[in-house]
Amino acid sequence: MVTLKNSVVAAWSSFDFAHTSYSIIMVTFVYPLYFANTIVTNGKGDLYWSIAMSTSMLIVALLGPALGAIADETRSKKKFLLVFTIVPILGTAAAAFLQPGMIFAGMLLFILANAGYEGGTVFYDAFIPEISPPESMGRVSGYGFAAGYIGSLATIFATKDLLVSGNISASFLVTAGIFTLFAIPLFIFVPEQKKRSMLSSWTLVKRGFQEVIKTVRHIRKYRNLSIFLLAFFLYNDAVLTVIAFSGLYAKNTLHFTTADLITMFAMVQTVAIIGSIIFGYITDLFGPKRTIMITLVIWIGVVVAAYLTSTVTEFYIVAGVAGLALGSSQSASRSMMALLTPIEHTAEFFGFYDGFCGKASAVIGPLIFGALSTGFGQRQAIISLAAFFIVGLVLMRRVRVSV
């Protein structure tokens with residue numbers, strides 16, 4: 001029987017604080033703009049950015065499920081998480097040394113850093129069933145996302161003066177420091193179920209891939225899980241694409257200044273904090289399925305409104321609503337996965353969820369957005385995301401849950 005301990009939840013949530021400090025700077029706000037508008041000098045920033053984003057997600061999609069299965073066998077989630085934490089920290093710091101025209105280096109650096117960042121979520125998420133009983137998973141997941149958005153907000157304010165003054169390189173170094181500092185509590189205070197394996201590393205790798213193949217072959221036995229994973233694959237594709245291109249859309253289509261962008265992202269993180277907590281309780285009260293469906297309706301409204309928006313003020317409103325849906329949709333999805341996953345296969349199934357469905361979906365969305373943006377413009381690219389949310393909503397209606 002898992003007992004909920006506030007100190008353990010706080011230490012686990014601290015990692016979300018650290019993790020999301022990377023996300024806001026390297027995935028959503030600073031690095032995309034710096035790469036697409038400064039490092040790339042030939043006007044194809046959206047296309048190169050979409051290729052870098054999709055490639056990093058493809059790497060995790062191929063490796064994530066197997067790594068999850070390996071972690072299940074050895075109960076070594078912390079060891080794997082440590083490796084996948086060091087890589088993005090070093091990558092964030094290294095971004096400070098890029099110069100205009102270093103397109104390949106900028107893409108390679110981001111691919112490695114983001115693969116490490118995204119790969120780490122497999123092991124981080126898999127701790128939920130070990131630190132929380134089922135009836136509290138929604139709240140615990142919500143606390144984690146709330147801590148993450150607090151981390152994003154804190155990082156924005158910590159780098160604000162540097163960004164306004166144009167000292168982009170220093171902002172990457174500050175972010176790497178924040179990531180390092182707040183990642184430490186999880187490794188010290190969060191307990192992990194231990195299991196000593198007598199198998200060799202190569203045998204574990206082979207077993208990991210064999211377990212993935214077995215999971216795929218037998219996925220039809222888990223009907224509700226398979227329907228949910230397909231729905232998640234589609235709507236998460238659109239969510240991650242919004243995250244990857246929101247800053248570029250605001251800057252290049254609506255002509256936001258750096259100060260405008262800082263204000264917008266600070267507001268989004270603030271709203272996302274509130275949304276994560278509120279929808280965490282809503283998830284426990286009404287269940288993750290209904291919560292996800294509510295957020296998908298919100299997302300459909302967000303992309304349609306973004307397409308129609310023409311002023312900075314209007315986009316502030318759209319971004320605020322997106323912030324409300326952002327934390328809540330991801331938190332409820334994580335709760336739904338935890339609800340449908342047998343505890344003895346948490347790392348393996350979360351590897352399939354985060355590694356394949358989460359990351360493989362993000363291969364498709366950014367590429368479509370980058371291609372449409374390059375050929376027809378960013379407005380046409382943003383409205384295309386509505387289709388992903390609509391189909392995801394239809395599929396979610398077919399998922400049957402017991403609570």
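Analyst: By class, 28 nonpolar, 13 polar and six charged residues make up the lining of the largest cavity. That lining comes to 47 residues, and Tyr149, Leu240, Ile243, Leu326 and Gln330 are the ones nearest the centre of the cavity. In the whole structure, the search finds two cavities of 30 Å³ or more.

The model is a predicted one. Its chain averages a pLDDT of 86, with 90% of the residues scoring at least 70. Confidence is highest in helix α8 (residues 168-189), at a mean of 96, and lowest in helix α9 (residues 201-217), at 70.

Helix α10 covers residues 223-252, a range that takes in two of the residues named above, Leu240 and Ile243. From its first C-alpha to its last, α10 reaches 43 Å over 30 residues, close to the 44 Å expected at 1.5 Å a residue. Most of α10 is covered, with 24 of its 30 residues buried.

Beyond α10, the loop between α10 and α11 (258-286) holds Phe256. Phe256 counts as buried because its relative accessible area is 1%, under the 20% cut-off. Phe256 and Phe315 are 59 residues apart in sequence, while their C-alpha atoms are 9.9 Å apart in space.

Conventions:
Residues are numbered from 1 along each chain as its sequence is written. This is a predicted model: local features need pLDDT of at least 70, side-chain atom pairs count only at pLDDT 80 or more; totals for chains, interfaces and linings use all residues. Side-chain values use heavy atoms; hydrogens and water are left out. pLDDT is the predictor's confidence in each residue, from 0 to 100. Helices (H or I, at least four residues) and strands (E, at least two) are DSSP runs, numbered from the N terminus. The expected span of a helix is 1.5 Å times one less than its number of residues. Buried means under 20% relative accessible area, exposed over 50%, partly exposed in between (1.4 Å probe, protein chains only). On a 1 Å grid over the protein atoms alone, a cavity is a set of points where a 1.4 Å probe fits but cannot get out, and a pocket is an open set with protein on both sides within 12 Å along at least five of seven lines; lining residues have an atom within 4 Å of a point. Grid points are joined across faces, edges and corners, and a volume is the space filled by probe spheres set on the points. Ala, Val, Leu, Ile, Met, Phe, Trp, Tyr, Cys and Pro count as nonpolar, Asp, Glu, Lys and Arg as charged, and the others, Gly among them, as polar.
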